[in-house]
Structure formats: structure tokens, C-alpha cells
Amino acid sequence: MTVYKGFLTITRRNIHMMFLYLAIFLTIAVMVQKMTGENTADFEQVSLDIAIIDRDGGELAQGLAGYLGQYHTLVDLPDDPSIIQDRMFYREVYYVVTIPEDFQKRCLEGEELLPVTKVPGSNSGFYVDQQIGTFLNDVRIMEESGFSLTEAIDEVMESSQEQAEVTLIDKNGFGGERPIHAFMYQYMPYILISILCYSMSYIMIAFRNPDVKRRMACSSVPARSQNFQIILGYATVGIAVYGIVTAMPVLMYGKTFLNDPNMPGYLLNSFLMTLVSLSLSFLIGTLVTREEIISAIVNVVSLGMSFLCGVFVDMEILGKGVRTFAQFLPAYWYEIANGILAGNSSLSPAQQTSLYTCYGLQILFAAAILGVAMVISRIRQTT
């Protein structure tokens, strides 16, 4: 097993790069876990420091100030543009609304808009715009229904204090939410392609060294045995990497992952992606002749496929043209399968068919890439 031992020896020389990519992968997984709040969805209103310049002093103006005071912190400011500009520059106030004289006649009964001043580049002011519009529309509707201005303002203020109870419908069996380990599996193609293509390419270049090829040709080990030992080396490294990335969600999420009814689907999907990555690594190792360009090619392949196929960018955000092109890449079908598993605790017959289609296409991609690599390898051996 001399060839097999040499295969593993070269692998150990590049093990530091494997750990580097694993560290990147874990960092991404932890960041996603924190951003998702450990699979919880908490919503809270945005509270801003706002100022109201009241030039009217009427009942409607006071009602608007009280309404906005329920949601935001009211800051006292003089009616001086220079002072307002200075306070907004230092972010002591983010939104200033000026209530003109004859406020009721001009803005409630008429169609004039309230003059407002916002911090440039801030989107939070749109939230206050919506609240002002809601208050005026509600008061206008109440008045048209026969209420007096005082009664309309009181009713709007009272109704705004009521808290709505929201219950998510459990459509997917996961409480309406996506399992946290699904995010880790979403980024799995990047780590598999990066590690396997990088390490395997170095090994293939080492075995194609002229001196090494001559020694192997003169050795007592038959060519068939040499090829078998190389295949065995590929399988060993592939299984080892697959085992490591599979252990990560088990260690990080424990029972949450183990109790997922779709766990076998995740394991099979990532295993097929491992086969695709091994085929890609063999192809790259066959094409590349210099070690200096391995990192560049591997980064282009791994990052390019990750951005195009929904690994780093959610599939829903990608444009139609990008998704159409991505269908010709194996990682796209991995992500489609991952989305089906993440979105449903139990699969319908149609979803199962789609899932098996994704599995089958990954196998076909792996076989096609391997076939192309073998043809190129045979051509190079004969030339």
C-alpha cells in the first residue's frame, strides 16, 4: 500500500489548510446562529428621539403629539432652523415634524402634508411618516362617522394602546420557522468544495511529477493496484471530511438536529455533495499543473458556485437569470433539496419526488464531471 500511504502523507502536509476552511465554516455557522437569534423571531417597535414644533397649539396638534409620544421619545426643541440642524447633526434628534397653523383645516380636512425633517440616509423616518398618516386617517374616518374631534382623538388614542396577539401557524411542522441546523447545511457546499478541491489538487500534482511517475512505473506495484490505492485514498479523505462536517451539527445543536425527522435527508444530501466535490477535485487536479494557481482556481470555483447557487445568498434573492444559469451547477440542486428539507417536517409525494430529483441530478453531475476528468487524464497520459 505504498501509493496509499504516500497519498495520506501528502494529505497530512496540507491539513492546516483544511482546518483553516473548517474555521471559516464554523465562523459563518455561529454568525448565522446569532443573527437568527437561536431560531426565535422577536419583533419590537423602533423608538426614535423626535421633536414636534407646534405652531398651531390646537386640540388636534396636541392629540398628534400624544399619539407619537406613545411610540417615541419627544425632545423639546425651539423653532429655530439652525438649532434643529445642529441637534440633528449630532444625532440628538432624528425626526422633526412641524405642525403649521390651521392644522386641522389644512392637513385633516385638506390634503396638505406635514413638513418634516429627517436625518439624511436614515430609513427610520418612514416609520414615523406611517404613524402620522395612520393617526390623521383614523381621526378623519371617525369624524366622518359622526364623532366630534375630541371623541375621535380619544378613540384613536385608546385603540392604539391595544396590543395584538399573534400566533404563527405551524405550516411546516417546525413552528413556522426554519431549523437552525438548516443554515449550517446551507453553507456546506462551500466547505466541501474548498477542502476537497484544495487538498486533492495538491495530491494529483504530486503524483503527476515526472520523477514520481517514473518510480511508480518501475515499481513492482501493478498499475491497476496503483489506481485502486489512489481511489482508496480519495475515498478515505472524502469520508474523513464528510464525517467531520457531519459531526459539527451534532455537536453544536445536539438533540435539535438528531430529532429532526429529515436528518437522514440532510446526511444523504451532504454525502452526495461530497461525491460532487471529489469529482470536482479530480477534475481540477487533472487540469492544474502548478501548485501556485491552485488557491486561485479553488476560490473561484467554490466562491463562484456559492454565490450563484444560493449558498451565501438566499435563493429567493437571486434574479431569474442567475437561477436559470445556476441550474447547470450541482450546488443549485443541493440547495433546492436543502430548502425542501428545511421547510417541511413531513414531505408530500410531490416534495419527495422533487427531493429525489435533486439527489439524482447531483449523482449525474458527479458522474459527468468524473467522466470529463478521466477523458482529460487519458489524453494527457497518451500525449
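## Leu-22 and its contacts

Leaving out residues up to four places away in sequence, Leu-22 touches Ile-191, Ile-195, Ile-244, Val-245 and Met-248, where contact means heavy atoms within 4.5 Å. Leu-22 and Ile-244 are separated by 222 residues in sequence, yet their C-alpha atoms lie 9.1 Å apart in space.

Leu-22 belongs to helix H2, residues 15-35. Helices (H or I, at least four residues) and strands (E, at least two) are DSSP runs, numbered from the N terminus. With a relative accessible area of 9%, Leu-22 is buried; the term means under 20% relative accessible area, with a 1.4 Å probe and protein chains only.

## Basis of the model

This is a predicted model, in which local features need pLDDT of at least 70 and side-chain atom pairs count only at pLDDT 80 or more, while totals for chains, interfaces and linings use all residues. Residues are numbered from 1 along each chain as its sequence is written, and side-chain values use heavy atoms, with hydrogens and water left out.

## Thr-286 in helix H13

Thr-286 is found in helix H13, which covers residues 263-287. Thr-286 is buried, at a relative accessible area of 3%. A polar atom of the Thr-286 side chain lies 2.6 Å from the backbone oxygen of Phe-282. Apart from neighbours within four places in sequence, the contacts of Thr-286 include Met-204, Arg-208 and Ala-373.

## The chain as a whole

The chain has 17 helices and four strands. Of its 383 residues, 42% count as buried. Among contacts between residues at least 6 apart in sequence, 75% join residues at least 24 apart.

Notes: Buried means under 20% relative accessible area, exposed over 50%, partly exposed in between (1.4 Å probe, protein chains only). A polar contact is a pair of N or O atoms within 3.5 Å; within protein, one must be able to donate a hydrogen and the other to accept it, and residues adjacent in sequence count only if both atoms are side-chain atoms.
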